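Visitor: Could you walk me through this model, one feature at a time?
Guide: Gladly; here it is.

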Amino acid sequence: VVPTASQFTVAPYLGYRSFSDTGIKNGPNIGLKLMGSFSRDLGFDTGIGFVPTLQNDKSQLVYTFDFLFSKHVSTLGRFRFFGLAGLGGRISSVANVGLAAGLGVRNPLSEDAAASLDIIYGPDFLVRLGMDMKLRFDERHSSGARGLDAPKIVDATKLDALVDVLIRVPEVRYQTAIRRPVLQDATSRWFAKNAELSAAFGLLDLTPVSTEKDTYLFLPSREVSLLEGARMLTRATYLPKMLADESLPISLTVVDLPGVEYISSLWVEDEYGQLVRTLIDRELRGVGDFSYQWDGLNAAGERIPAGKYVVKVSLEDRANNRVVAENQSVVTVVDRSSFNWNWSEAKESLFTDISSNHPDRSLINTWIGMGNTPRVINNRRDMDRAQQSSVFGPSQSMTRISFIMSLSRSLEYLGAKSYTIPDLSPYSDVNSLPKDVQERIGLYISELDYGGDDQGRLRLYDPITRAEAVTLLGRFLHWQSKRFEFPLP
């Protein structure tokens, strides 16, 4: 239900009507439309007008009538497109009314006005231009405040002496712009989609191509170093937190006598007054303080573009469906080029080969804090050796088992539960692994549904390449997207 459902729109229009009867000349159609809405996407559009024309060479006014249902079908930038269907035609001396259908386009000019274009085909063919202006009958709109600069739509004390609703949101919300780099050496390759997905979220360090803007080399066959793998996996693990930190906190305070309840609605509009997202849809709420988080997605689950947005709240009396208080606040959404990664700090480096001013010291400490170890597993004997080491070895190549073990710890860190060790017999190169390693591999296989290469091998001790790493990261990102409900580009 729309909080402003009692609004109607009136529109004078000028058009051109082509008559199906050969005895009536085509001419300009002048009239007035009245429109209303049943919901945010469904409404009606009725119009009455006249055409000064000639009928059998005699001057005559032909009166026209149209009653159409409208259904919002798409939005492109500021333009909203509607499907139209109903009845239309002439109601003068030579009446001809029948089924009609067409397409309408609206371009909002302000909160209360929009330009419109309708193309309708029925007993006659009609093209009309209109200026849609809202008529408001709710007393909550009686104040003159309009637009983004109005801190409050109406003074609630004028409606009910004790009722008020306060809304507080930050003035600015920062969101990380999704990158769209061109990976010159990954185009149309088997790993291309996963490489582009990993690059979009800033998980990869790319080599720029100096001659072309936003074009990079991916270097798919290069072996992943321990430091590079730690960067990839730590960034990927912290991605849901970074996205959650970008959510907009919304605080509401409902003021009235204890025990009183109201029908509450909370929604977000863009600066042109178009609905972006409904956060509370006519839910029963009492007095007190309430907190909400808006994740910056629209109703279709898509990231919103940068710009100004209005967060609105209304309280409705349960007894007579009368709005008794309403408020709004404006937030500016700003894109930034990269995530503000917030790694854990340590007073000193954990490794002798990582200095206190090393740019990745905090990231490495965070990666180690998730239970990882710099010990790269190159063979079966390495699994039984002590895990503590004073040397990190950032340039050593990471093996597939080391990457898989770290990825499994990331899954566990984000709440995945250990499963019963799966049957590893199909993997021809896995023999007599320690139980803890089998459990890690089992969690990785169960959660990410990965079954090895085309020959049924995990190739645990082979160095992992960047192409192979982004394939596993892509599965991890899809897993996170479902678990934490954020969209993938």
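Visitor: Which strands form the open sheet, and in what order?
Guide: First, the ground rules: this is a predicted model, where local features need pLDDT of at least 70, side-chain atom pairs count only at pLDDT 80 or more, and totals for chains, interfaces and linings use all residues. Residues are numbered from 1 along each chain as its sequence is written, and side-chain values use heavy atoms, leaving out hydrogens and water. Strands are DSSP runs of E, at least two residues, and helices are runs of H or I, at least four, numbered from the N terminus. Two strands pair if DSSP finds at least two bridges between them. Here five strands make an open sheet, β10-β19-β18-β15-β16, with mixed pairing.

Visitor: Which are the edge strands?
Guide: β10 (172-176) and β16 (275-285), each pairing on one side only.

Visitor: In what sense do β15 and β18 pair?
Guide: Antiparallel, over eight bridges, between residues 262-270 and 307-316. Leu 266 sits opposite Val 313 of β18.

Visitor: How many residues does the largest nonpolar core have?
Guide: A nonpolar core is a set of buried Ala, Val, Leu, Ile, Met, Phe, Trp, Tyr and Cys residues joined through side-chain atoms within 4.5 Å; buried means under 20% relative accessible area (1.4 Å probe, protein chains only). The largest has 64 residues, and Phe 218, Trp 367 and Phe 403 have the most contacts inside it. Helix α2 (226-245) is among the elements that give two or more residues to this core, and α2 gives the most, with 10. Apart from this core lies another, of 24 residues, including Val 169 and Val 313.

Terms used:
Buried means under 20% relative accessible area, exposed over 50%, partly exposed in between (1.4 Å probe, protein chains only).
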